[in-house]
Amino acid sequence: MITLAAGAQLTTGTLTTAGLAVGVGLFATEHVRWWRGGGGGAAAGGGPGGAAKDPKALIPFWFGVAFGTLAVACPAGMLGAGAGFLRWGGNGLGGWVMSTMTGQHATAVAQASAPTLDEYGAPVVTALVFVLWVLRKTFGKQPKGRWWRGVWAGTLLAIGTGTFAMIGNLVVPGANDLGAWAVNGLVHGTLL
């Protein structure tokens, strides 16, 4: 069962309607590019139903969303500070565009966020950061851009108590469970 409301152990952060609009915009833009094939796939014969809609092309974006969600779940570290900065940027940029274009001001829509990492999830995120740092030069420019847009979208969309909270409620407990399995299996020798 998926709980759409945020749980008991939460990090904090504010998301405004303008930040939400930026997150949804990033999410929609990346999926429209994927659907249309970004020009390259359609030009190479990858029209509707073809290579332009290869689901593997969304992996960097969705991996970025998951990483952004994990960053939100790290309130006391550099990842949490970075997620706060990205959320601040999304709220600020979105607020400026919203007030300039519509004349309306953004209001807070979410104070809660993803469940926090526990002592088992933290080693998983640490290993992930290490792997990403070591392999950073091997990734192409386009996947890096998709990943960064995903991270920004993840920091904006994975908080709250609505439908987008499902992302946080899947990713963070998944990292905690993976860490618990690894520590219990690799260190203590119990596989269950």
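Predicted model: local features only at pLDDT ≥ 70, side-chain atom pairs only at ≥ 80, totals over all residues.
Where in the protein chain is confidence lowest, and where is it highest? It is lowest in helix α2 (residues 40-43), at a mean of 44, and highest in α5, at 93. The score here is pLDDT, the predictor's confidence in each residue, from 0 to 100.

Residues are numbered from 1 along each chain as its sequence is written, and side-chain values use heavy atoms, with hydrogens and water left out.

Confidence overall. The chain's mean pLDDT is 81, and 82% of its residues reach 70 or more. Two stretches stay under 50. Residues 1-11 are one of them, with 29 contacts in the model beyond four places in sequence. Residues 39-47 are another, with 10 such contacts. Contact means heavy atoms within 4.5 Å.

Next, helix α3. Helices are DSSP runs (H or I, at least four residues), numbered from the N terminus. α3 covers residues 59-72, 14 residues in all. The expected span is 1.5 Å times one less than the number of residues. That gives 20 Å, and the end C-alpha atoms are 20 Å apart, which agrees.

α3 is mostly covered: 10 of its 14 residues are buried. Buried means under 20% relative accessible area, exposed over 50%, partly exposed in between (1.4 Å probe, protein chains only). Among the buried ones are Phe61, Phe67 and Leu70. The buried residues pack against α1 (17-36), α4 (78-102), α5 (121-135), α6 (141-157) and α7 (165-187).

Now leucine 79. Its place is in helix α4. Leucine 79 is partly exposed, at 24% relative accessible area. Beyond its neighbours within four places, leucine 79 contacts Phe67, Ala71, Cys74, Val125 and Val129. Take valine 125: it sits 46 residues from leucine 79 in sequence, and 9.7 Å away in space, C-alpha to C-alpha.

Last, the largest pocket. It holds about 640 Å³ of space. Of the 22 lining residues, the closest to its centre are Phe67, Leu132, Trp147, Trp148 and Val151. α3, α4, α5 and α6 each give two or more residues to the lining. The largest share, six residues, comes from α6.

A pocket here is an open set of points on a 1 Å grid where a 1.4 Å probe fits, with protein on both sides within 12 Å along at least five of seven lines; lining residues have an atom within 4 Å of a point.

Terms used
Points joined across faces, edges and corners; volume = space filled by probe spheres on them.
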